[in-house]
Amino acid sequence: MKLGFVGTGALSSAIVTGLKSLPGETTPVVISPRNEAIAAGLAARYRDVRIAADNQAVLDQCDTVMLAVRPQIAREVLKELRFRPDHHVISLIATIPREEIAGLVAPAAQVGKALPMPLIARRQGSTIICPPDPIVATFFGRLGGVIEVEDQSEFDALSVVTATYAGYFRYLDTIHAWVSSQGVPRDKARDYITNIYKALADAPDTAPDENFMHLAQDYATRGGINEQVLREMTERGTFEAFAESLERVHRRITGK
Ligand SMILES: NC(=O)c1ccc[n+]([C@@H]2O[C@H](COP(=O)([O-])OP(=O)(O)OC[C@H]3O[C@@H](n4cnc5c(N)ncnc54)[C@H](OP(=O)(O)O)[C@@H]3O)[C@@H](O)[C@H]2O)c1
């Protein structure tokens with residue numbers, strides 16, 4: 001594989017960093033010159049990473065191309081480029097469907113979408129790919145795992161999960177702020193919360209037959225303090241409001 005990136009920003013940088021952290025990894029990588037500082041940093045850090053003169057030069061030197069420009073400029077950028085029929089194109093661009101990308105990169109025949117997260121730099125967090133593709137699955141499988149989906153609607157629904165990270169940290173911040181307000185040193189509170197939530201994150205693996213609601217019920221001992229928080233949040237409509245947000249994000253992702 002000769003791998004190229006059109007758009008060298010946060011996500012391309014994370015993928016290259018994850019890839020090059022694999023022991024003995026020598027895949028040649030060609031990156032486009034923007035962002036200048038990020039491209040220069042990657043080329044300086046990794047022997048096999050080179051900066052192309054422009055976007056077209058990336059395509060000309062690669063067989064596998066990841067598209068990683070922002071959606072707002074993607075159509076304009078892609079219209080200018082000449083793809084080959086043998087190019088394997090993987091679009092990382094959120095909110096532009098695979099069919100539209102396929103039209104923009106014709107005559108490239110193999111076109112898919114992938115949704116990695118910046119945690120890929122540490123080879124963590126699964127990447128969603130659509131459609132299933134053994135080469136792309138192997139690539140992302142080594143970088144934190146892969147979830148292959150058949151159709152765009154499944155891909156879009158799973159993508160909504162990626163909108164919930166900031167809310168998760170705000171939830172932990174609420175706990176941290178309250179505990180600290182009681183006079184507990186901030187570092188101590190942070191360490192405790194981090195440690196406990198790491199352990200909770202493993203709970204679905206230790207009870208693979210239980211769904212998340214079962215786990216919630218397991219922890220909500222009748223008459224206990226977990227049941228109280230769960231009941232009060234439910235009564236105030238917290239979870240309903242959250243589900244409505246997911247619905248609105250889904251409409252945004254699908255353009256409906
Ligand atoms: N970051 C994430 O968590 C994430 C997750 C899922 C999907 N995505 C998708 O991945 C894509 C990249 O996201 P990102 O977070 O990496 O964005 P980003 O950091 O803004 O990277 C985009 C890069 O494209 C460069 N660029 C601008 N104009 C260009 C052009 N004409 N030709 C080539 N490159 C150009 C920008 O350079 P300058 O800085 O010089 O303008 C920038 O470095 C987006 O489509 C986004 O929807 C991102």
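**A loop residue and its surroundings**

Modeller: Arg123 sits in the loop between strand S6 (110–115) and S7. The model is predicted, and in it Arg123 has a positive phi of about 55° although it is not a glycine. Most residues other than glycine have a negative phi, and most peptide bonds are trans. Arg123 counts as partly exposed because its relative accessibility is 33%, while buried would need under 20% and exposed over 50%.

Thr95 also has a positive phi, near 70°, and it too is a residue other than glycine. Its place is the loop between S5 and helix H5 (98–104). With a relative accessible area of 43%, Thr95 is partly exposed.

Loops also hold residues of the cis peptide bonds. Pro131 belongs to the loop between strand S7 (127–130) and H6. Another runs from Arg34 to Asn35, where omega is near 0°. Asn35 lies in the loop between S2 and H2.

Strand S1 (residues 3–6) runs parallel to S4 and is joined to it by four bridges. Strand S5 (residues 88–91) likewise pairs with S4 in the parallel sense, over four bridges.

Next come the charged contacts between side chains. What ties Lys20 to Asp48? The two side chains meet in a salt bridge, N to O, at 3.3 Å. Lys20 lies in helix H1 (residues 10–20) and Asp48 in the loop between helix H2 (36–45) and strand S3 (49–51), so this pair ties together parts that are 28 residues apart in sequence. Lys20 is buried because its relative accessible area is 13%; Asp48, at 23%, is partly exposed.

Arg142 and Glu25 form another salt bridge, 3.7 Å from N to O. Arg142 is in the loop between helix H6 (134–141) and S8, and Glu25 in the loop between H1 and strand S2 (29–31), so the parts tied together here are 117 residues apart in sequence. Glu25 counts as buried at 11% relative accessibility, whereas Arg142 is partly exposed at 41%.

Asp86 and Arg84 meet in a salt bridge of 2.9 Å, N to O. Both partners are given as partly exposed: Asp86 has a relative accessible area of 48%, and Arg84 has 27%. Salt bridges that share partners join Lys20, Glu25, Asp48 and Arg142 into one network. The count of salt bridges comes to six.

Two patches remain to be described on the surface. Glu148, Glu150, Asp151 and Glu154 gather in a patch of negative charge. Glu150 is in the loop between strand S8 (146–148) and helix H7 (152–159). Is Glu150 buried or exposed? Glu150 counts as exposed because its relative accessibility is 62%, where over 50% is needed.

The nonpolar patch covers about 530 Å² and is made by Ile147, Leu158, Val161, Tyr165, Tyr168 and Phe169. Helix H8 (residues 165–181) gives the most to this patch, with three residues. Tyr165 has its place in helix H8; at a relative accessible area of 34%, Tyr165 is partly exposed.

As for the whole chain, it contains 12 helices and eight strands. Buried residues make up 35% of its 256 residues. The C-alpha trace spans about 65 × 40 × 30 Å along its principal axes.

Terms used. Residues numbered from 1 in each chain as written. Predicted model: local features only at pLDDT ≥ 70, side-chain atom pairs only at ≥ 80, totals over all residues. Heavy atoms only, no water. Patch = residues over 30% accessible without salt bridge, like charges linked within 9 Å, V, L, I, M, F, W, Y side chains within 5 Å. Areas by Shrake-Rupley, 256 points an atom, 1.4 Å probe, with all protein chains shown as cover. Salt bridge = Lys/Arg side-chain N within 4 Å of Asp/Glu carboxyl O. Lys, Arg positive; Asp, Glu negative; His and termini not counted. Charge placed at Lys NZ, Arg CZ, Asp CG, Glu CD. Buried < 20%, exposed > 50% of the residue type's maximum accessible area, 1.4 Å probe, protein only. Pairing = 2+ DSSP bridges.
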